[in-house]
Amino acid sequence: MQPILKINLTTGETSEYVVPPEWERDYLGGASLAARLLYPALTRDLDPVSPDAPLLFLTGPLTGTAGPAVGRFVVCGKSPATGLWAESNCGGFWGPELRFCGYDGLWITGKAEEPVYLWLNGGRLEVRDAASVWGEDTYESQSIIKTEIGVPNAHVLTIGPAGENGVLFAGLFCDHGRTAGRTGLGAVAGSKNLKAIAVKGTKKPPLARPEAYMPLRGEANRALKADNIAQVTHDLGTAGVADYADYLGSMPKKYYHQATMENVDRVSGATMAETILKGVSACHACVIACGRVVDLGDGVRRKGPEYETVVGFGPNLLNDDLPAIVRLGEVCDRYGMDIISASNIVGLAFHLYEKGIVTDKDTGFPLRWGDVTGAEKLLHLMARREGIGNFMAGGARRFAARFGAEDEAVQVNGLEAAYHDPRGVSGMALVYATSPRGACHNKSDYFFVDWGQADASLGLQFYEKQAGAEKAANVARHQDWRTACDALVMCLFANISPEMTVGLVNAACGLDWAVDDMLRSGERAWNLKRAINNRMGLTRANDKLPKAFLEPYADGPVAGYVPPLEEMLAAYYSARGWDPVTGRPTREKLRALGLSDAASDIWS
Amino acid sequence: MFPIFPSPEWLQTLHDKLNSDERYAQIARKWEGDMVVIIEPSGHLAERLIYYLDLWHGKCRKVEVLKELSGLKPLFILTATYDNISRIMQGGLDPMQAMMTRKLQVKGSMAYMMRNVPTVLDFVRCCRDVTGEIL
């Protein structure tokens, strides 16, 4: 692999870091390699918004190779929202362009005296004054920086005002609205006075066996283009699954407190395709093109919402106005806020208002379900940290705690839940409770497995959507696979066969792996991330679900059901080889995975 | 006893089932569109089979065994190998799992498909209800 460029923003020093070959083999790249590299730095005492905190941008061995949905990168560090492991990956073109510069990653520490942005032009790095863009929104920042550097086809990754203001769910944005949204790493960048990173390169990413990779790449892209899930996401966007999620009872409404909603089909991907859709957009070399381009009748081409945005600003708020959802999503994008977290916190505010816990005195205006005007006002307040927004900017857990109602926040360990209800797809109970970054739906998108994506070649079985402990080992195995995909950094919608994925990895990295080797690599990184979190204070007690997920719906398709979390967790620890009392990976498990240092640290 | 799957007799039995099943009639009452099922050779099936079904408002208006598509443009074309479709018919493979793990390919309006998943699943139930012996 190519070196990683280390940059100390305090001193301005730079150096090239070469990854040891055994780590390159064992961790491949992306979030897995980041966990290995950051392990020594991520301690309990580390303040995630201090100059010492690292911010590591990594690509994977397939990034920029025009393989199947692999034009991605990941950013990792310590989350200011959770105090735990942070990772958030992102599509667009920025990741490939970084590799074209001759680097597989950027490893940033320190804090600039004044706001700066980085301009990496091939192998040449400039630290530039960001006075012209500090305070600008993410869309404007990208545009202004491209003009300043005079390279219109450069790619700019930026934070918005939310990241500058330390909003704990601020993200990083590139290529208009492609987002590394989760875990608040935009606030970490902001704390370093780092506004943006522009990249432009010309090098080809290295491939160990290009003669093997190229034909396989073509085969994989053709297979992906013909795939049913890819067809749905191409034609309807990721919101194409909204109808099915609603049918199964896995799409939450009214801040996870209502199972059904009249006219919910007005906000589906299918409705979008039939009404406001004007085009599609794709990440680097992606044959799916899940991105939506919509027109609300004002002649402006806007980013259309994906599934999480549709549900977060739609049924979550009992809103069936699709154009309003588009506008609320754009408000978040421009401020640079993660939409899942922001919409969750707005829903929480509505919920607390309904319960009389938050009042007009706190907000200055009423909050009524379905009122998008109130929702938008809250977004402005939280991004600017004004009024009640200052409390909301700390995330759902802190916001609810401020009003003595922490149990009402639908979050795990400080990360707001995504919109896949474990009462409809029970595997998500384990996913939310054990994900290294909180209530995240991507470190295993097990809702897809519960819907049917149970790939036999991964050793996955297809269980009933509301099965309990019997699916725990399945969840663990799927987490291992997705962790390996996050090492690549491969899009979750790249629904090609696991054997094909491994073939691409072998050709790119010069390996001779089978699917089980990839799973092992994923298992290693999953356990390492767990050990990192254990070291930063995570205990067995952190593996939990919010109250809302443990209360049954009174009606709807999954009425009366709650996931048997404790039974599932017991089976999960057993499947993982983790200590059932502490929830830590056992010494033996860690050593067997080549993680003796972590074994010594968490069991000393 | 039901006719062996796949066979023209089985297809006719499915036609009759779809026109007599009250649950299907209710769930599929808004469905408007025809469908072609292509069964690719594998296992005991040596030649490709093409089945045509015209489905409308909870009823089946017509079924036909085709030799080729010859310009036909149905609302949906479903394609699977004989082995995989047999597993679906016998209940050993969930239809959604088949669609999501590359064992059953769907071509057609994905908007229509996603809005009508309950109809698709109940159609499969009817298929299973008339499937006993296979090749």
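# Questions on a predicted model

Leu538(A) is found in a loop of chain A, between helix H22 (515–535) and helix H23 (565–576). The model is predicted.

User: Is Leu538(A) buried or exposed?
Analyst: Buried means under 20% relative accessible area. Leu538(A) has 6% relative accessibility. Therefore Leu538(A) counts as buried.

User: Which residues does Leu538(A) touch, not counting residues up to four places away in sequence?
Analyst: Leu538(A) sits in the loop between helix H22 and helix H23. With sequence neighbours up to four places away left out, its contacts are Leu84(A), Asn413(A), Arg530(A), Asn533(A) and Asp543(A).

User: How many Å apart in space are Leu538(A) and Gly583(A), C-alpha to C-alpha?
Analyst: In sequence, 45 residues separate Leu538(A) and Gly583(A). In space, C-alpha to C-alpha, the two are apart by 9.0 Å.

User: What radius of gyration does chain A have?
Analyst: Chain A has 604 residues. A compact globule with that number of residues would have a radius near 25 Å. The value for chain A agrees with this: 22 Å.

User: What percentage of the residues in chain A is buried?
Analyst: The cut-off is under 20% relative accessible area. Chain A has 604 residues, and the buried share of them is 65%.

User: What share of the contacts in chain A with a separation of 6 or more comes from residues 24 or more positions apart?
Analyst: Take the contacts in chain A with a separation of 6 or more. Keep the ones between residues 24 or more positions apart. Their share is 69%.

User: Which residues does Leu379(A) touch, not counting residues up to four places away in sequence?
Analyst: Leaving out residues up to four places away in sequence, Leu379(A) touches Phe313(A), Leu328(A), Val331(A), Cys332(A), Tyr335(A), Met337(A), Ala342(A) and Val346(A).

User: Which residues does Gln97(B) touch, not counting residues up to four places away in sequence?
Analyst: Gln97(B) lies in helix H4 (residues 95–100) of chain B. Gln97(B) is buried, at a relative accessible area of 12%. Its contacts beyond four places in sequence are Gly452(A), Ala454(A) and Phe462(A).

Conventions
Residues are numbered from 1 along each chain as its sequence is written. Chains are lettered from A and ligands numbered from 1 in the order in which they are written. This is a predicted model: local features need pLDDT of at least 70, side-chain atom pairs count only at pLDDT 80 or more; totals for chains, interfaces and linings use all residues. Side-chain values use heavy atoms; hydrogens and water are left out. The radius of gyration is taken over C-alpha atoms; the globule rule is 2.2 Å times the number of residues to the power 0.38. Buried means under 20% relative accessible area, exposed over 50%, partly exposed in between (1.4 Å probe, protein chains only). Contact means heavy atoms within 4.5 Å. Helices (H or I, at least four residues) and strands (E, at least two) are DSSP runs, numbered from the N terminus.
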